[in-house]
Number of protein chains: 2
Amino acid sequence: MTNPLIICCAITGSLPTKAINPAVPISVAEQVESTQEAFEAGATICHAHVRNADETPSADPDKFAALKEGLEKHCPGMIIQFSTGGRSGAGQARGAMLSLRPDMASLSVGSNNFPTRVYENPPDLVDWLAAEMVTYGIKPEVEAFDLSHILQAVKMHGDGRIKEPPYVQFVMGVKNAMPADKHVFDYYVETVNRLLPGAPWCAAGIGANQAALNEWSIAAGGHART
Amino acid sequence: MTNPLIICCAITGSLPTKAINPAVPISVAEQVESTQEAFEAGATICHAHVRNADETPSADPDKFAALKEGLEKHCPGMIIQFSTGGRSGAGQARGAMLSLRPDMASLSVGSNNFPTRVYENPPDLVDWLAAEMVTYGIKPEVEAFDLSHILQAVKMHGDGRIKEPPYVQFVMGVKNAMPADKHVFDYYVETVNRLLPGAPWCAAGIGANQAALNEWSIAAGGHART
Ligand SMILES: [Zn+2]
Ligand SMILES: [Zn+2]
Ligand SMILES: [Zn+2]
Ligand SMILES: [Zn+2]
């Protein structure tokens, strides 16, 4: 049985602007075009953020709807994953687009520090986002910024807050959260294999750590993020 | 060379009330009396919170000063550790008592979830508390509610924000943070031994997990918390 490599392309993100990188796609039309290139190059999951015209992050369901429509037309069969991350909105606004029923959505199950602030995912918001994903049949990608987030995802799966074994993404290299440490990476893999045997997982290295994380991930049987 | 067991007694904490446990010491006089019993029974560190008359948590420096005076008189030589935890106050109020120069103070270096809310330790507050501890010659006890907190403490030691190798306490069994998982405990010990070779460490199990954590800790060469 083959286990094909899943490549997840993160278009846009919530931070880079055209001033930093003129190639970053901002409008929905630019995002669809950029994703189509990645799709034709072999990417299978599109992890998507949306932006306002002034390039600030947005959680506007209308923008997500337009993006989904464009991706379904130009990238048929691609797995669409919406970000519910906290840079794009506050509280339940982060999940207002889940009723659009994307295939997947990111889900943070704990809180941690970011470079200059707290990334706040209070327990009641986590539970609400997870419940919306159950309601709309969306598979969560659990963003593990720290070790306890993996164990919390397993607990939520055990009590039904997450359906099916969680798909975990290790996020490493965010300042003041978990650094890109190979020992810790190996322990993350060991923990997923111990608690979620057979479940696929992936890893994302932030900034300069992206290449290293993809290399570690592919070597250890995980999926890649570009 | 012997390595005597350090027993840290946490008097009062920030949550239990006399309605829950009539024996919990609330007033400074009750705290001193209770600590003296623990000291005479062999405890070497007193981890201290203070309370208001209505039993709510407090960060009032006057109360900490009275407690320190009482402990110095009745428990001579005992190591006094003040809590700078977030249940007692907000922002820099959490560290207003550090100018009293206790021997040690607790220091959270990251954020995480608690049972019903986010335990917020924003990076600038962490740095301010650490700097106050450097100013007043206070040894921090790093409260590791998650794995990245150990690595963050090591990083802060590396760049001088923490003097001397950090003394880390693993905190396990807080709902929505790290559960009391023996595999994770073993990896915590491995991580401290890898990154802080020779440094002492301790562990605290919350509620029903206290006995297990003390057993694991003593067996693995760590210190105990009662
Ligand atoms: Zn994202
Ligand atoms: Zn992914
Ligand atoms: Zn405490
Ligand atoms: Zn301790």
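Biologist: What radius of gyration does chain A have, with its 226 residues?

Modeller: The radius of gyration is taken over C-alpha atoms, and the globule rule is 2.2 Å times the number of residues to the power 0.38. A compact globule of 226 residues would come near 17 Å; chain A has 16 Å, which agrees. This is a predicted model: local features need pLDDT of at least 70, side-chain atom pairs count only at pLDDT 80 or more, and totals for chains, interfaces and linings use all residues. Residues are numbered from 1 along each chain as its sequence is written, chains are lettered from A and ligands numbered from 1 in the order in which they are written, and side-chain values use heavy atoms, without hydrogens and water.

Biologist: What share of the residues in chain A is buried?

Modeller: Buried means under 20% relative accessible area, exposed over 50%, partly exposed in between (1.4 Å probe, protein chains only). In chain A, 52% of the 226 residues are buried.

Biologist: Which protein donors hold the zinc ion (ligand 4)?

Modeller: Donors are N, O and S atoms within 2.8 Å of the metal (3.2 Å for Na, K and Ca); water is not among the atoms, so sites may look incomplete. Here they are B:Glu141 (OE), B:Gln169 (OE1) and B:Cys202 (SG), 2.4 to 2.6 Å from the ion. Their sequence spacing reads E-x27-Q-x32-C.

Biologist: Where do B:Gln169 and B:Cys202 sit?

Modeller: Strands (E, at least two residues) are DSSP runs, numbered from the N terminus. B:Gln169 is in strand S10 (residues 167-172) of chain B, and B:Cys202 is in strand S11 (residues 201-205), 33 residues apart.

Biologist: Is B:Gln169 buried or exposed?

Modeller: B:Gln169 is buried, because its relative accessibility is 0%. B:Cys202 is buried too, at 1%.

How values were computed. Helix = DSSP H or I, 4+ residues; strand = E, 2+ residues; numbered from the N terminus.
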